Structure formats: structure tokens, C-alpha cells
Amino acid sequence: MQSDEAEYCLQMAGMVCLKNMQLDDAQLYFQRGRMDPRALLYLYPSHAEYVGPLLVPFAHIAMAPPLRQLFYEIGNVESLASPDLQTVDLLEQYLEFCRTQMLNTNEPYAPDAVPVIDTALARVYADSMRHAKFSALVQGPNSVVGDIACAYLESAHRYYDCSLVYMAQGDVRAGLDVWRRMLEGKVSDERFGGMAEYLEYILGDLGDDAGQWLTDEYYWLVRHDVEASRHILACLSDDKVAELDADRVVGDMQATGAQREFIERLIAANHTRAPHFTTILLTAYVADAAQCTDAESGFQGAQARDLGLTFRSYVASAGPSSRARLVEMLGAQRTVFDAPTVLACIEDAGNLGVERAMVLARLGRRDEAVEALVEAGDYAEAEMLLLRPMARESLAKLAKQGASDQATDVARLLHLFVSVADDDMAARLVSRLLDTYSEHIDISAIEELPEHWVLGAVEPFVRHKLRDLAQSERASSLERSVANAHQHNVKMQCAGDLISHGPVVLGVAQTCGVCRKLLGSSAFVYEPQTKQVKHISCA
């Protein structure tokens, strides 16, 4: 360790070199003489003022009077330099040297110099655009005083650097506030990566702490950039979505695709306001579906090949669309909404017969729903609703339905199918219905069919019914023969018993073999094996 005298000489030499603008030599002497960095900062008045609250008064910094006199003589080193000479480089390099010494040796400078060095370096790096050094300083272990650094960076319009200081020191909310101001255009900084960097930080760099910020950031993004807000919505848990102020979000979004996506998340998260917003979403889907009815023509062609095809199955297989989503939601038991409101909206549209029937079924108006389905051409759905209510996909499960008579329901559907305008389709439907539910249909039902229909439409049914009648007649004849034979056998048995045992004559004092009471005129039973006479009630 060198003596105080040696340090004094080296510091004096450094000051003389500095006075003569021999900056490299001055740097060397300052480092070897361990010049107090706080004293050197006083030669840069703007930097000294910047870290002012951290600096001890110059008069309190220990140094020899001749050395102090040199400081007074130089005053502001920047005023001595030529325009092409960057004296701040001297300050930067010396502060870096001091910082390294403070980290690697046992306090070569006063302990309170540490925050002065780091805070001063933060400004030097920011002013000289040394972005890599600035980031390494503030994001690594440091003693930068955030309030001082951020106040300066804001005033110098170094907004991005300011945000980095806030975030590095744990004040994420303040850092994000700076970013939001830049995204809103209130301030600008070319170093900021814009929405991409913002979303990357929000959705990735926050890690486990993201939950506490995402909701607030989502509210802001909905107002500022609805499309970007979708990225945050996708990362919110169902619990967080369920806690959102849904009215506020929907009001800010207005009618957009993002609004629909948000409402769908509310529904999935079982938000308390889900039924209200489900109604809004369904009316939006109704408006979209009413503008495009291509699905009907495609369905008719597919149905001609497969009478068991429902409209719901067809639109689901056709790919994603507003119509498919509308039908899916209306047919889901878990969907809760204001059915009368949606029904009124569908009826105003005028061309969504299947959807109208689905809401009617949900309201428990089964017969109207069946009629609407037949009118809309969804015959398989009508059959399933009316005749197969327990089927897994039946619309009957959307509301409690009262018990009904199967034969009556079959007759009702038969009547509706006969009334279908397309004769060929009507004949196919009736033929299929007669074949499937023949046990519930009387043969007299064919009287309801149009006279011009060809026999082939009902021939299998008629044959089946005639076969049933013939079998029933044969069964009745056989039953009568069996009954007559049995009656004859009983008579013959009675006659044989009478011949074998003779008549049974009872005396006045004859008693029951079981209860020992007089038989009198009571009905009795005679057992040939035991020759006992008993009351019928005792036998």
C-alpha cells in the first residue's frame, strides 16, 4: 500500500495534467493516486448537481490545501475542453475504475461513495448512448438511487432507460406506466420496442408475478388496442376472467371480434354476468347468420342422400362459422341466456327456422318446435324431438317435457310429413316413419295419404300390418281351441271321479276335518285319499 504522501503527489500530478487537458495522463494518475470520485464529480457541475443529495459538501472531502486549490482553479473542467474533446469520458472511465475497486477490494474509498458512483454512471451511460453498459448496470447488482436516476432520465426524455430502472428496482407498475405513455403517443423513445416488447414482457418476463398485473393491463389494452388485448385474455385464468368487470370491458370493446371472444371466455369461466352477455353474443350471431343462408341449400342436398341427417350435424361438419357457433350454443344444455329475447331476434331475422325451433324447445313449446323444424326442412331433428326424446342429441333435453302418448305423437308427425310440399320427400319421410314406428300406427292411417302416391311408398307397411292381422287371427283361433280342449278335459275328469268314488253324502252332524265345526250347508271339499271332508276355507 502506498503512503499518503505518494497518493498526494499522484493526485496533484493528475490535476495538473487535467488542467492542461492531458486526459489520458490525468486518468492514470487519478487511478494510481486513488482520487476520491466524489471530489472529481465537483469538476462536472451538472453531474454534481444531479447526484447532489448523495454528495457530501466539497469542503468536507479530505484533501491537502494545494490540491483543493487546484480544484477551485479548474472549477468546471468541461469549460476548459475544446468542442472535439469529450472530458466526460474521463469521468466515465474513472467511475468505472472506482466501481471495480469497490467491488474487488476492501473499501478503498468512503462507503457512501458507492451510490454516488453507480447513480452517476447511470446518467453518464444514458447520455452517451451506451445502452449495453446502462442495461448491465441497472439490471445487475447495483446501488443506483432510483428516484434520482429516474427523475433525470424523465427530464432528459430517456423514457426507455427510465422504465428499465423502475423495473430493475422492482417498481414494475411505474415501469409499465412509462411504456403505456409511449404506446399512447404521449412521449416517445426510439429504443422502445413498442407493443411487441410490451406484450413479451407482460406475458413472459413477469413470470409467476404476472397474475397481479395482467388484469390491470388488460383493462388498459382494451381501451388502447383491442386486438392486442386478445393476447392477454388468452393468458388469463378462468378465475381471473370470472373476476373481471365485464360491463366495463364490453363497453370499451364495442362490437368487434374481440368482444365476442371475450364474451365466450366469460361464458367458459362461469362469470356471474355470463347469461346477460350470452344473450348479447347470441343476438350478434343471429345477425351474422341471417346475412348468409347458404347452409340451407347445402343441407337439402346432403339430406336428400341421408334422411337421418340433422341440420345441426351438417353445419358442425361444414367448418367454423357464426351459424355453426350459434347452433352449437343454442343446443348446449349448459348455455344460459334470455330465451324470449333471443327468440324475438331470430323471428325478426325471419330465415332461421331451425334456430327458432331450438329456442322454442328450450322454452318447453315442443309442438311449436316440431312444426318449425318440419317447416324448416329439418325432418330428422323433428322426429328425434317428438319421438326419441331420450336420445343423447335430442332437443327435448333442453327443457322438461311432459309425458306424451307415443301413438299420438307418431300420428302427429305423420300428419306433418304428409303436408310437406315436396311430394317425393314427403313420400320418403312417410315411408320411413311407417316402417320405423309401425307398431304405433294403425293400418287405417293410410287413409290420410294422398291418393296419387304410388303404392310403393306404403307397401312394406301394409304388408307388415296384414301379416300382423293374419298372425293375430291364427293366434286367437288357437287360443279358442286350447280353451275348449281344457274345458272338455275338466268335464271328463269330473265324470270319472263321480264314477270312481260315488256321491258324497253328509250327515247332519258331519264336522270339518280341520276345524271340527259343523259343516251344515257350507261349501265343502272331499279328499278321496284321506276320506276327509273340509270347509273350502280350511282346505
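Which residues of H25 are buried?

1. The model is predicted. In helix H25, the buried residues are Tyr379, Ala380, Glu381, Ala382, Glu383, Met384, Leu385, Leu386 and Leu387. The helix spans residues 379-387 and is mostly covered, with nine of its nine residues buried. Two of the names on that list are Glu381 and Glu383. The cover over these residues includes helices H19 (294-305), H20 (311-317), H24 (366-376), H26 (406-418) and H27 (423-436).

2. Next, the core. The largest nonpolar core holds 152 residues. Met15, Leu18, Tyr198, Tyr218, Phe262 and Leu413 have the most contacts inside it. Helix H7 (residues 113-127) gives the most to this core: nine residues. Beyond four places in sequence, Met15 touches Phe30, Met35, Leu43, Leu67, Leu70, Phe71 and Ile74.

3. Gln11 deserves a look. This residue lies in helix H1 (residues 4-19). Gln11 counts as buried because its relative accessibility is 12%, under the 20% limit. A polar atom of its side chain lies 3.5 Å from the backbone oxygen of Arg34. Neighbours within four places aside, Gln11 is in contact with Phe30, Gly33, Arg34, Met35 and Leu67.

4. Ala228 sits in helix H14 (residues 226-235). At 5% relative accessibility, Ala228 is buried. Its contacts, not counting residues up to four places away in sequence, are Met195, Leu199 and Leu221. Ala228 and Ala258 are 30 residues apart in sequence, and their C-alpha atoms are 9.4 Å apart.

5. Now the charges. The count of salt bridges comes to 31. Asp36 pairs with Arg38, with 2.8 Å between the closest N and O atoms. Asp36 and Arg38 are both buried.

6. Asp161 and Arg191 meet in a salt bridge at 2.2 Å, N to O. Asp161 belongs to helix H10 (residues 159-168), and Arg191 to the loop between helix H11 (172-183) and helix H12 (194-205), so the pair ties together parts that are 30 residues apart in sequence. Asp161 is buried at 3% relative accessibility, whereas Arg191 is partly exposed at 24%.

7. Another salt bridge joins Arg412 and Glu371, whose closest N and O atoms are 2.8 Å apart. Arg412 lies in helix H26 and Glu371 in helix H24, so this pair ties together parts that are 41 residues apart in sequence. Arg412 is partly exposed, at 26% relative accessible area. Glu371 is partly exposed too, at 39%.

8. A network of salt bridges links Asp89, Glu92, Glu96, Arg130 and Lys133.

Note on methods
Residues numbered from 1 in each chain as written. Predicted model: local features only at pLDDT ≥ 70, side-chain atom pairs only at ≥ 80, totals over all residues. Heavy atoms only, no water. Core = buried A, V, L, I, M, F, W, Y, C linked by side-chain atoms within 4.5 Å. Buried < 20%, exposed > 50% of the residue type's maximum accessible area, 1.4 Å probe, protein only. Helix = DSSP H or I, 4+ residues; strand = E, 2+ residues; numbered from the N terminus. Contact = heavy atoms within 4.5 Å. Polar contact = N/O pair within 3.5 Å; in protein donor to acceptor, adjacent residues only side chain to side chain. Salt bridge = Lys/Arg side-chain N within 4 Å of Asp/Glu carboxyl O.
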